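Here are a few notes to go with the model, written for someone opening it for the first time. Keep the viewer at hand and take the points in order.

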Amino acid sequence: NFVITRGSLTHFCHPGISGDQSSRFNNFAYVPEADPYMFGVEVLSGFRSTRYERFYLLALANGWHVGPVTGQDNHARNYGNRIDGSGNINLTGVLLDTLNRAKLLEAFGKQRTYAFQASPASDRMFLNEFTADGRWMGEVYENNDNIVDFRIAVQAQNKFIAAHLYKNGFLFERFEPDASEFVWAVSDSESFGSTYYFLKLLQEDRDVLWSSPIWVNSSGVYQPPEERITSISELRAN
């Protein structure tokens with residue numbers, strides 16, 4: 001009610017400090033009246049290396065239109081350079097054409113953010129493009145042909161070993177770039193109903209990047225993939 005009354009941009013801060021505490025946000029129960037003001041969920045918090053991806057997934061699954069962000073607990077005013085206890089740096093990337101306060105707040109409100117954990121601290125990851133049918137991450141749009149074409153462009157100091165595209169929280173496509181810079185074009189020819197897509201990138205030194213979603217409304221009804229149970233005796237590969 002406070003957020004709705006103020007009409008201010010807000011994000012879910014420190015969702016997992018001191019254990020699994022999603023209950024502090026009522027397990028991310030969806031409140032449509034507050035949705036326009038909630039722009040993000042911290043997937044990395046403060047100077048800790050713990051990743052709170054599960055809370056981001058839960059918030060998206062419950063209906064929130066949010067993107068991933070990080071917090072540095074930066075009380076020493078060393079903004080952008082707070083190193084955590086494992087030598088990583090936790091950063092939020094923002095897509096904007098001009099770096100000023102107004103543009104920054106506008107980008108937050110439109111979910112034009114991505115979050116990453118980098119080591120060494122100099123290894124900045126640049127998500128130069130994540131689009132679906134020409135729409136940028138954070139957008140919600142209507143799709144008429146049940147086909148969605150994605151384009152991803154990324155660069156960094158260290159190599160990326162895996163790029164994962166998720167659809168409604170399930171792994172949809174996987175790509176192994178084995179390069180510090182790559183462009184990936186991929187399509188979903190069966191986009192039905194209301195879906196959201198986001199990226200997760202993994203580097204060879206285990207650094208991770210999460211993108212904001214793109215929400216797509218297509219005709220038909222979304223059907224989640226079947227989860228086949230594999231017995232231990234059937235396992236032959238990791």
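1. Let's begin with Phe 28. With a relative accessibility of 0%, Phe 28 counts as buried. Bear in mind that this is a predicted model, so everything below describes a prediction, with side-chain atom pairs counted only at pLDDT 80 or more.

2. Who does Phe 28 pair with? Its partner is Phe 12, and the two rings sit edge-to-face, with 4.9 Å from centre to centre and 70 degrees between the planes. Phe 12 is in strand β1 while Phe 28 is in the loop between β1 and β2, so their pairing ties together parts 16 residues apart in sequence. Phe 12 is buried too, at a relative accessible area of 7%. The structure holds 17 aromatic pairs, and both of these rings belong to one aromatic cluster that also takes in Phe 25, Tyr 30, Tyr 52, Phe 55 and Trp 64.

3. Now for the sheet around Phe 12. Three strands make an open sheet in the order β1-β2-β3, with parallel pairing. The edge positions go to β1 (10-12) and β3 (67-71); each has a single partner strand, so one side of each has no neighbour in the sheet. From one strand to the next, the twist averages 45 degrees. Between β1 and β2 (residues 38-45) there are 3 bridges, and Phe 12 stands opposite Val 41 in β2. Helix α2 (residues 53-61) packs on this sheet and touches β2 and β3, its direction making about 160 degrees with that of β2.

4. Next, the largest nonpolar core, which has 28 residues. Which of them touch the most other members? They are Leu 127, Phe 130, Phe 150, Ile 152, Leu 165, Phe 182 and Trp 184. The elements that each give two or more residues are β4 (89-94), β5 (113-118), β6 (126-132), β9 (148-167), β11 (179-188), β12 (194-203) and β14 (214-218). Of these, β9 gives the most, with 8 residues. Apart from this core lies another one, of 22 residues, and among them are Phe 12, Phe 28, Met 38 and Val 43.

5. Leaving out residues up to four places away in sequence, Trp 184 touches Phe 150, Arg 151, Ile 152, Ala 163, Leu 165, Glu 173, Arg 174, Phe 175 and Leu 199. One of these, Arg 174, also forms a salt bridge with Glu 176, with the closest N and O atoms 2.4 Å apart. Arg 174 is partly exposed at 46% relative accessibility, whereas Glu 176 is exposed, with a relative accessible area of 54%.

6. How many salt bridges does the structure hold? There are 8. One joins Glu 139 to Arg 112, with 3.8 Å between the closest N and O atoms. Glu 139 is in the loop between β7 (135-136) and β8, and Arg 112 is in the loop between α3 (101-109) and β5, so this pair ties together parts 27 residues apart in sequence. Glu 139 is partly exposed at 24% relative accessibility, but Arg 112 counts as buried at 16%. In another salt bridge, the side chains of Glu 106 and Lys 110 meet at 3.1 Å, N to O. Here Glu 106 is partly exposed at 37%, and Lys 110 is partly exposed at 41%.

7. Strand β8 (residues 140-143) has two faces: Tyr 141 and Asn 143 are on the covered one, Val 140 and Glu 142 on the uncovered one. β8 pairs with β14 in the parallel sense over 4 bridges, and the bridge partner of Val 140 in β14 is Trp 215.

8. Finally, some backbone details to check. Ser 119 and Pro 120 are joined by a cis peptide bond, with omega about 5 degrees; Pro 120 is in the loop between β5 and β6. Asp 133, in the loop between β6 and β7, has a positive phi near 55 degrees without being a glycine, and is partly exposed at 27% relative accessibility. Asn 168 also has a positive phi, about 50 degrees, although it is not a glycine. Asn 168 lies in the loop between β9 and β10 (170-175) and counts as buried at 14% relative accessibility.

Terms used. Residues are numbered from 1 along each chain as its sequence is written. Side-chain values use heavy atoms; hydrogens and water are left out. A nonpolar core is a set of buried Ala, Val, Leu, Ile, Met, Phe, Trp, Tyr and Cys residues joined through side-chain atoms within 4.5 Å. Buried means under 20% relative accessible area, exposed over 50%, partly exposed in between (1.4 Å probe, protein chains only). Contact means heavy atoms within 4.5 Å. Two strands pair if DSSP finds at least two bridges between them. Axes are lines fitted to C-alpha atoms, for helices over the stretch in contact, and angles run from 0 to 180 degrees between N-to-C directions. Rings of Phe, Tyr and Trp (its six-membered ring) pair if their centres lie within 6.5 Å; planes under 30 degrees apart count as stacked, over 60 as edge-to-face and the rest as tilted. A salt bridge is a side-chain nitrogen of Lys or Arg within 4 Å of a carboxyl oxygen of Asp or Glu.
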